[in-house]
Amino acid sequence: MPALLASLALMAGGPPPPGAPIPRDPVALAARLETTTRDLADAVDRWRASGGRRVPEDVTLDALYQQRILILLGEKRRLSAAVLRRLPPRDARPVGSEVLARRGLGRLSQPRPLSAFRTGRAEPVSRLLRYYLEAQRRFGVAWNVLAAVNYVESAFNKLRNASSAGAQGPMQFIPSTWRAYGLGGNVDDPHDAIIGAANYLHANGAPLNYRRALFRYNPSRLYVDAVLRYARRIRSDPRAYYVFYSRQVFVRTPHGLVRLTGPR
């Protein structure tokens with residue numbers, strides 16, 4: 001019955017409900033992704049124009065549906081290739097780039113018990129932007145790179161637990177690195193963590209060499225590539241930062257992928 005209701009809601013128009021079905025046919029899925037991306041862009045524009053602090057419901061629902069599609073494409077290579085061939089270039093390029101970023105990050109993540117994860121609310125999107133811009137002015141590290149790191153590391157602090165390696169806070173510092181670069185701040189405070197991350201990246205080569213600096217942040221070329229893909233997207237599309245901010249937390253457990261935040 002929930003699946004039937006979700007299907008009826010999609011047919012009626014408006015943003016898709018949380019459990020809306022995702023087509024498995026490439027033609028239908030490409031059309032649905034294109035429509036969702038367009039609807040999400042319009043919803044983000046209305047949100048930004050309103051000056052609202054909280055994410056509107058239509059943005060939340062469209063972003064979740066798009067996110068679920070991208071997760072599916074990341075897992076299904078043949079389906080992904082077929083869908084990408086059917087998308088217009090303006091959609092295919094960012095979708096293809098994100099699918100590759102997701103696959104790379106997926107190779108780095110290990111399943112953990114559901115009890116290992118904690119979540120919380122992100123600070124308002126405009127406040128985080130001020131923090132990134134302050135860090136950019138202070139250390140020269142581009143704000144979009146800092147936002148991409150924040151997104152990849154903790155979904156803008158929606159994911160609150162320490163990593164399996166003991167990294168902590170919104171920007172995921174191990175204690176020894178935080179002591180060296182945290183400038184005496186609180187590792188769990190988003191402002192202090194963003195400033196500390198800019199300090200660390202600058203000390204390791206940014207902005208002249210972001211690849212080197214990010215590799216020192218996390219010594220994985222898959223991680224560096226993913227962060228830079230997200231950073232380029234934020235730089236090239238004014239809506240992208242707001243879309244990423246509006247997404248939900250999915251975690252990998254021994255029983256599969258589980259969504260921890262967002263509407264039920």
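What follows is a chat about a predicted model, taking in a helix pair, a strand pair and some backbone details.

Visitor: Before we start, what kind of model is this?

Guide: The model is predicted.

Visitor: Okay, helices then. At what angle do α2 and α3 pack, and how far apart are their axes?

Guide: Helix α2, residues 26-50, packs against helix α3, residues 57-75, at an angle of about 145°, and the axes of the two lie 9 Å apart. The crossing of α2 past α3 is left-handed.

Visitor: Which residues make the contact?

Guide: From α2 the contributors include Leu 29, Leu 33, Leu 40, Val 44 and Trp 47, while α3 brings, among them, Val 59, Ala 63, Ile 69, Leu 72 and Leu 73. Charged residues take part as well, including Arg 32, Asp 39 and Arg 46 of α2 and Asp 58 and Asp 62 of α3.

Visitor: How do the contact residues divide by type?

Guide: The contact of α2 with α3 has 12 nonpolar, 3 polar and 5 charged residues.

Visitor: Switching to strands: in which sense do β1 and β2 pair, and over how many bridges?

Guide: Strand β1 and strand β2, which spans residues 256-259, pair in the antiparallel sense over 4 bridges, and a hairpin of 2 residues links β1 to β2.

Visitor: Which residues of β1 are on the covered face and which on the uncovered one?

Guide: In β1, residues 250-253, Val 251 and Thr 253 form the covered face, whereas Phe 250 and Arg 252 are on the uncovered one.

Visitor: Now the backbone. Where is the cis peptide bond at Pro 207?

Guide: The bond running from Ala 206 to Pro 207 is cis, with omega near 5°, and Pro 207 sits in the loop between α9 (190-203) and α10 (210-217). As background, most peptide bonds are trans.

Visitor: What about phi at Phe 156 and Gln 172?

Guide: Phi is near 65° at Phe 156 and near 55° at Gln 172, both positive values in residues other than glycine. Phe 156 belongs to the loop between α7 (143-154) and α8 (175-181), and Gln 172 is found in the loop between α7 and α8 too.

Visitor: Is Phe 156 buried or exposed, and why?

Guide: Phe 156 counts as buried because its relative accessibility is 1%, and the cut-off for buried is under 20%.

Visitor: And Gln 172, buried or exposed?

Guide: Gln 172 is buried, because its relative accessible area is 13%, which falls under that 20% cut-off.

Terms used: Residues are numbered from 1 along each chain as its sequence is written. This is a predicted model: local features need pLDDT of at least 70, side-chain atom pairs count only at pLDDT 80 or more; totals for chains, interfaces and linings use all residues. Side-chain values use heavy atoms; hydrogens and water are left out. Buried means under 20% relative accessible area, exposed over 50%, partly exposed in between (1.4 Å probe, protein chains only). Two strands pair if DSSP finds at least two bridges between them. Axes are lines fitted to C-alpha atoms, for helices over the stretch in contact, and angles run from 0 to 180 degrees between N-to-C directions. A crossing is left-handed if the near helix is turned anticlockwise from the far one by less than a right angle, and right-handed if clockwise. Contact means heavy atoms within 4.5 Å.
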